Amino acid sequence: MITRVKLPNGQAIVSCTDRRISASLEVYEGQFSTPRRLETDEIPLVINDFRLAARNAIEAGFDGVEIHGANGYLIDQFVKDNVNDRTDMYGGTLENRSRFALEVVEALANEIGPHRLGIRLSPFTDYLEATDSNPEALGLYLVNSLNKYDILYCHMIEPRVDKAGESKTTPLSLLPMRNAFKGTFISAGGFNKEDGNNALKDGYADLVAYGRLFLANPDLPRRFELDGPLNRHNRETFYTSDPVVGYTDYPFLNVA
């Protein structure tokens, strides 16, 4: 349902489903292939892939690993009821849909230690039709379940972030998840300097993550410190294969 066409060695991308993404979305996002539904007995093999990747990262010298459980990727597909149409132990109920995510967390915590592990989640967001009918319940269930693994942090995307990554007005909040999670809670999405500082001051989050602002402003802390002007990001260069354009070509602040 949420997979792209250019696949390694011609293999089908795996998912929790074998449903293809809507044709109307393909026009906007590009061409997508039909995913292959994982068999139940294949899922432990995928979890082991996550485990090996985490081990490789630590052996390569990284301090820790963040599990990408957001933005319509595999874990996000499993937890969202608009995508997950399984009838086995990994589908149906909230508990079953969350099973894959939590088994990945457990495997990595055992492999590299929970003190080196975080996870990124997006229960409220709609990336490539990965939505849930009750995102508040989903988010709360996940963070409460994560507590037993004592991982370092939970990094969650703001409800105000829409499918294009822009901000919208919404009464929804991450505060219930922040209050339920016992580790470090990171909020991301649509923050500027002022409301980022306010989020920390008000106890809304322990840390605030900046994405587009940091990409377009490699010296963002310095700019914040000086109340300097900010470069505007260019969305058209976000996901290109060019090693420079859109990644390392934004100018630094010129301060005499």
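Start with the largest nonpolar core of this predicted model. Select its 49 residues, then highlight Phe100, Leu117, Leu146 and Cys154, the members that touch the most others. Now colour by secondary structure: α2 (43-59), β5 (65-69), α3 (74-79), α4 (94-112), β6 (117-121), α5 (135-146), β7 (153-157) and α6 (175-180) each contribute at least two residues to this core. The biggest share comes from α4, with 10 residues.

Next, centre the view on Leu146. Leaving aside residues up to four places away in sequence, Leu146 touches Leu102, Val105, Ile119, Leu121, Ile151, Cys154 and Phe181.

From there, move to β5. Which residues are on its covered face, and which on its uncovered one? Val65, Ile67 and Gly69 make up the covered face, while Glu66 and His68 belong to the uncovered one. Bring in β6 as well: β5 and β6 run parallel and are joined by 5 bridges. To see how the two strands line up, find Glu66, which stands opposite Gly118 in β6.

Now for the rings. There are 4 aromatic pairs to look for. One of them is Phe78 with Tyr90, an edge-to-face pair at 6.4 Å centre to centre, with 80° between the planes. This pair links distant parts of the chain, 12 residues apart: Phe78 sits in helix α3 and Tyr90 in the loop between α3 and α4. Phe78 counts as buried because its relative accessibility is 0%, and Tyr90 is buried too, at 4% relative accessible area.

Terms used:
Residues are numbered from 1 along each chain as its sequence is written. This is a predicted model: local features need pLDDT of at least 70, side-chain atom pairs count only at pLDDT 80 or more; totals for chains, interfaces and linings use all residues. Side-chain values use heavy atoms; hydrogens and water are left out. A nonpolar core is a set of buried Ala, Val, Leu, Ile, Met, Phe, Trp, Tyr and Cys residues joined through side-chain atoms within 4.5 Å. Buried means under 20% relative accessible area, exposed over 50%, partly exposed in between (1.4 Å probe, protein chains only). Helices (H or I, at least four residues) and strands (E, at least two) are DSSP runs, numbered from the N terminus. Contact means heavy atoms within 4.5 Å. Two strands pair if DSSP finds at least two bridges between them. Rings of Phe, Tyr and Trp (its six-membered ring) pair if their centres lie within 6.5 Å; planes under 30 degrees apart count as stacked, over 60 as edge-to-face and the rest as tilted.
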